[in-house]
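User: I would like to understand the terms applied to this model and the values behind them. Please set each value against its definition.

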Amino acid sequence: MHADQALHDQIRSFMLLTFPAAKKRAIDDDFPLIDSGIIDSLGTLDVVAFVEHSFGIEVSDDDLTPENFASIRALATFVLRKTGVPAE
Amino acid sequence: MTLASRRVSFVDDRHEMLALLRRNFGSSQDQRFDWRHTGNPAGPAWSWFVYDKKTLGTVALATVFPRNMYVDGKRVLGGQVGEFVVEAGYRSLGPAVLMQRTTFEPVDRGSLTFCYDCPPHDQGMSTFVRLGMRANAEVYRYAYPLRCEQNVDKKFGRHLWTRPLVAVVNLALRLRAARWRTPNLEIAYYNERFGDEFSALDKSLSSAGNIRASRSAEDLNWRYREDPLSSTCLPTGTRGKYKVLVARRNTELVAFAVFFIQSDGIASLVDLFGHELPNAGTALLDAVIQICTQKKVSSIHAFCSEASELRYLLTGLGFRRRERSSRVVAYARPDDCIGKLVHSGQQWTFNQVEVML
């Protein structure tokens, strides 16, 4: 399994576990998490806590943009950029 | 997207700010703009735009409105955060957190002793959660039903057979409101501008141990007599003319109440303030109930924090506590002696007047 895919799956597991609305939808890597209402502003804070804790990164206020939280793929790209690992 | 904030000029940026306010809050913003931003006796407001550094497009707006406040008996200048807008397409935590931080500027500079925001829902708390802040107080809505037509219509629809039911319930609601008589206390409408006796009442009430807004004559005149929307009953708006009742003993002002009746038949108690509230306050509230009954108001709503004395008067007269309407979240400099008080040992005695913009 590609490291990227493992990361995507880890994020997806978190989403399914944390956000009840995500369980009812088939969220693929490009599913719009914010536009669909799965993540709201408080939900963003849960995601921030998750990525900071799981990947040892610090999310600054400037990072709190829709682009970084829009989908599982966007979030994975953001995590890889912050950890300094180039995407496969 | 790289964001930055800048101070808004109420002259140069007026059109852009008004356009943004209209898009988000409706057209009535124009009428109240000057009254709200520059006509306040506590001083002009501070507003900021958050903008995208690349496109220079405006992303968000927030304002801090100065408020004359009492903290532990000392009159200080506080600020209320409002007009917190993030444009559609930018509604994420980043711009909101930057905007929220920016509203702390007047406090950090020392222009204000503290500022407070009253987020009405959980989502509104997200910026504060991010900033490690928590609510200092909670404000609840209390309701006193006077007529049941709206509820019955909503539940069963309007039918011939519901009329007797409505009549019986309305009669029961009317009988519940027993008249409260307090010897030597006269309750009357007050239609003039507020004078020195109100400032004296404001000063005379000890506010040791609590945080509340000032009710000086100039604050009251600005709030209730000079608001451009308070002088007319708008046919489509929900805000009617403020009605003020005073309680006097031997002509001396003891307490006053402010309320308004909306076009949808709901009355809202904005404030109740004064001495001897268990007697004078209850008599004023009873008068509000009687007036609203005569005017066929369906329900009276009141808003107050847990520490407000109004809470006990409301529940004593049969008002029922409903949902939490907002939280109060305050920011103060930790090195400021009054700022410290804001976060410890003070009761937030807020009524609707402290929450409304």
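Predicted model: local features only at pLDDT ≥ 70, side-chain atom pairs only at ≥ 80, totals over all residues.

User: Which residues of helix 10 of chain B are called buried, and what is the criterion?

Analyst: A residue is buried if 20 or more other C-beta atoms lie within 10 Å of its own, exposed if 12 or fewer, and partly exposed in between, with C-beta atoms placed from the backbone. In helix 10 of chain B the buried residues include L277(B), A280(B), L284(B), V288(B) and C292(B). Just after this helix, K296(B) has a positive phi of about 55 degrees.

User: Why is V129(B) counted as partly exposed?

Analyst: V129(B) has 16 C-beta neighbours inside 10 Å, and therefore counts as partly exposed. This residue belongs to helix 5 of chain B. From C-alpha to C-alpha, V129(B) is 9.9 Å from V97(B), although 32 residues separate the two in sequence.

User: How do you know that strand 12 of chain B pairs with other strands?

Analyst: Two strands pair if DSSP finds at least two bridges between them. Strand 6 (residues 137-145) of chain B is antiparallel to strand 12 of chain B, with 7 bridges; in this pairing A143(B) has H301(B) as its bridge partner. Strand 11 (residues 266-274) of chain B runs parallel to strand 12 of chain B and is joined to it by 4 bridges, with L269(B) opposite A302(B). The path from strand 11 of chain B to strand 12 of chain B passes through helix 10 (residues 277-294) of chain B as a right-handed β-α-β crossover. Strand 12 (residues 299-305) of chain B is mostly covered, with 5 of its 7 residues buried.

User: What makes chain B as compact as a globular protein of its length?

Analyst: The radius of gyration is taken over C-alpha atoms, and the globule rule is 2.2 Å times the number of residues to the power 0.38. The secondary structure of chain B comprises 13 helices and 14 strands. Its radius of gyration is 22 Å, close to the 21 Å given by the rule for 357 residues, so chain B is as compact as a globular protein of that length. Buried residues account for 39% of the 357 residues in chain B.

User: How many residues does each chain give to the contact, and what counts as a contact?

Analyst: Two residues are in contact if their C-beta atoms, placed from the backbone, lie within 7 Å. Chain B contributes 12 residues and chain A contributes 11 residues. On the side of chain B that touches chain A, helix 3 of chain B supplies the largest share, 5 residues.

Notes:
Residues numbered from 1 in each chain as written. Chains lettered and ligands numbered in written order. Helix = DSSP H or I, 4+ residues; strand = E, 2+ residues; numbered from the N terminus. Right-handed = clockwise from strand over helix to strand, strands pointing away.
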